[in-house]
Amino acid sequence: MIILRILVLGVALLLATGPAQAQISDGVVKIGIMNDQSGTYADLAGPGSVVAARMAVEDYGAARKGLKVEIVVADHQNKPDVGSSIARQWFDADKVDVIIDVPTSSVVLAVNQIAREKNKALIVSTGATSDLTGAACSPNAIHWTYDTWSLANGTGSAIVKTGGETWFFLTADYKFGHDLERDTEAVVVKNGGKVLGKVRHPFPTADFSSFLLQAQASKAKIIGLANAGADTTNAIKQGAEFGIVRGGQQFAGLLVFLTDVHSLGLEKAQGLLLTESFYWDLNDQTRAFSKRFAERHRGAMPTMAQAGVYSAVLHYLKSVEALKSDDGPKVIAKMKELPTDDPVFGKGRVRPDGRKIHPVYLFEVKKPSESKGPWDYYKVRATIPAEQAFRPMDQGGCPLVKK
Amino acid sequence: MATQALFGQLLIGLINGAFYAMLSLGLSVIFGLLNIINFAHGAQYMMGAFVAYFLLSLTGLGYWWSLLLAPIVVGLFGIALERTMLKRLYHLDHLYGLLLTFGLALIIQGVFRNEFGSSGLPYAIPAQLTGGYNLGFMFLPAYRAWVVVFSLGVCLATWWVIERTKLGSYLRAATENPTLVRAFGINVPRMITLTYGFGVGLAGLAGVLAAPIYQVNPLMGADLIIVVFAVVVIGGMGSIMGSIVTGFALGVVEGFTKVFYPEASNTVIFVIMALVLLVRPTGLFGRAS
């Protein structure tokens, strides 16, 4: 009798999970985390993104739900050619179903092309170029966490509105820097500001003194840093040395991550305005998530890029389960159909052009006296509602959007 | 562009050139006397900055102590390397020394990156050197002025010791004909060990000088070392004065490139290197052997 019951249960289980298994390619959902594991962008995404992805798989309870999920990791070294060959290898030989994270906009656009060609999925968290939901948008890709337009819209407009009307850009000389500069310049001009000059520095650059002198000579009120990671922190650090702030000019860090502020120290970073879509100390849910993350990542709080990977993996798995398939464009379509809800960004959705939307925050870096200890760095200056935080769909020029 | 602004850029170029000069000097000394192409130089420069950081954060010893102690610590590390590994390679081709030191550099950088991440640790400018001078054409931070004066002093002192003193003449003789020098009762292997330690110490010293300007970062040496090698090639392998002069000169050239065509500023040195190799394969100051 008992044996019979077990048999029936077994058959029932097989029937329940059978069809799902049948359509998951090779029976495994394989997630490839591709990012910079060792260079300038390693701390803001890197191994931390992998930790976040693993947490998402566990929190989703994939094993409990009979979904077999595997995570693989690769270092694209911020080089488009390296990223491309990894993507091909993953899609062609290693049966990877989705590539997630991908900092460095030049790599993003290269991998985007390949994901579309191979009919797989791409979800970008750390990469910034707003072209991914504009001219380069694809039915195979979603842009998850933030983009150059949302940064420009948050930091750029806040600064122009408080009197910073003349700008000089220090721009990282590649796709990301150019896009961030372009999107910010548009915001500055739209709000009645003026761009007095710009200089494009090689990526990465250690010494900014020459560029800082040029920025100083321009007499612009605001020096816009259209770069990221160590480039941003070095520029701010050396700017202090050259008396930029004492001379009456101000830095606008157009993309600053929590790890950058941590590395600069509050003494140098205080007062900086920055735009992010996540901060660990926003509410109980973000605090609980971040505490668990820090325990697994050398005590470091998650950046928005890493939190974005967590949220993206969660929603991806949810959609795979709902669809009972891991077919690239079908899952992406399902992800756009289902509303998103997670402890990181709260409730949100994915637009038809592939843009995930959620509220975005304008933060100000605390003074050393205001901070209660390590990682207590931001205070919220403004909350930009999800519908206003990203570029309106009709302005991006995405061919997927019907006019 | 106003001439005043160019003055500023000239000065900035000299300051960056000071780092090139100090690092290429160490490489030149090591190559001249040991025939080892020390690819670990960038990692040793990074270690100098980290030693300064540890001295401050663990023992509370500030910048000035680091300036003294960090080169010694890094130099001793170099001596240990030389004694245990490098000395086995002297009778082999240059390539083996290069491969060994390159491997060591990767390991050292990897260990530091694993331990301290890639975004760097803060190190403040010493209180005595904060602020700066308004020169009319530019604001010169006091610390940068100190860097340029101090490294010029170190470079010239090194040149003087090697080219103008008795000790220096022993060193130079030992590179020409070690057997003969040993016949005069001079301990050549010890001299070589100490020379390597000194060259590595110079890298550590440059690291301490760099710590307050850049973040103390495990990768700080990796990008710099390639440029410094180009400087050494342009100046002429093994030429002491050559590496000092080219170090400063290329800093200036790079500085001007940052004004007139910033996109090319990280390639200009390699273009010059290619041109020099075409016209004078032994480098500007090198002698054909």
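A residue is buried if 20 or more other C-beta atoms lie within 10 Å of its own, exposed if 12 or fewer do, and partly exposed in between, with C-beta atoms placed from the backbone. The model is predicted, and local features need pLDDT of at least 70, side-chain atom pairs count only at pLDDT 80 or more, and totals for chains, interfaces and linings use all residues. Residues are numbered from 1 along each chain as its sequence is written, while chains are lettered from A and ligands numbered from 1 in the order in which they are written.

**A buried residue of chain B**

- B:I244 counts as buried because it has 27 C-beta neighbours inside 10 Å.
- Helix α10 of chain B, residues 240–260, contains B:I244; helices (H or I, at least four residues) and strands (E, at least two) are DSSP runs, numbered from the N terminus.
- Leaving aside residues up to four places away in sequence, B:I244 touches B:A21, B:L25, B:C155 and B:W159, where contact requires C-beta atoms, placed from the backbone, within 7 Å.
- B:L23 is 221 residues from B:I244 along the chain, and their C-alpha atoms are separated by 9.2 Å.

**The largest nonpolar core**

- A nonpolar core is a set of buried Ala, Val, Leu, Ile, Met, Phe, Trp, Tyr and Cys residues joined through C-beta atoms within 7 Å.
- The largest such core has 217 residues, of which A:I99, A:V313 and B:M22 touch the most other members.
- Helix α1 of chain B (residues 3–34) contributes the largest share of this core, 17 residues.
- Among the contacts of A:I99, not counting residues up to four places away in sequence, are A:G32, A:W90 and A:L122.

**The two domains of chain A**

- Chain A is divided into domain 1 (2–146 + 282–358) and domain 2 (149–276 + 360–389), with bounds from an automatic or database domain assignment.
- The centres of these domains, taken over C-alpha atoms, are 30 Å apart.
- In chain A, 20 residues of domain 1 are in contact with 21 residues of domain 2.
- On the side of domain 1 of chain A that touches domain 2 of chain A, α4(A) gives the most, with 3 residues.

**Where the chains meet**

- Contacts join 32 residues of chain B to 32 residues of chain A.
- On the side of chain B that touches chain A, α1(B) gives the most, with 5 residues.

Key
Contact = placed C-beta atoms within 7 Å.
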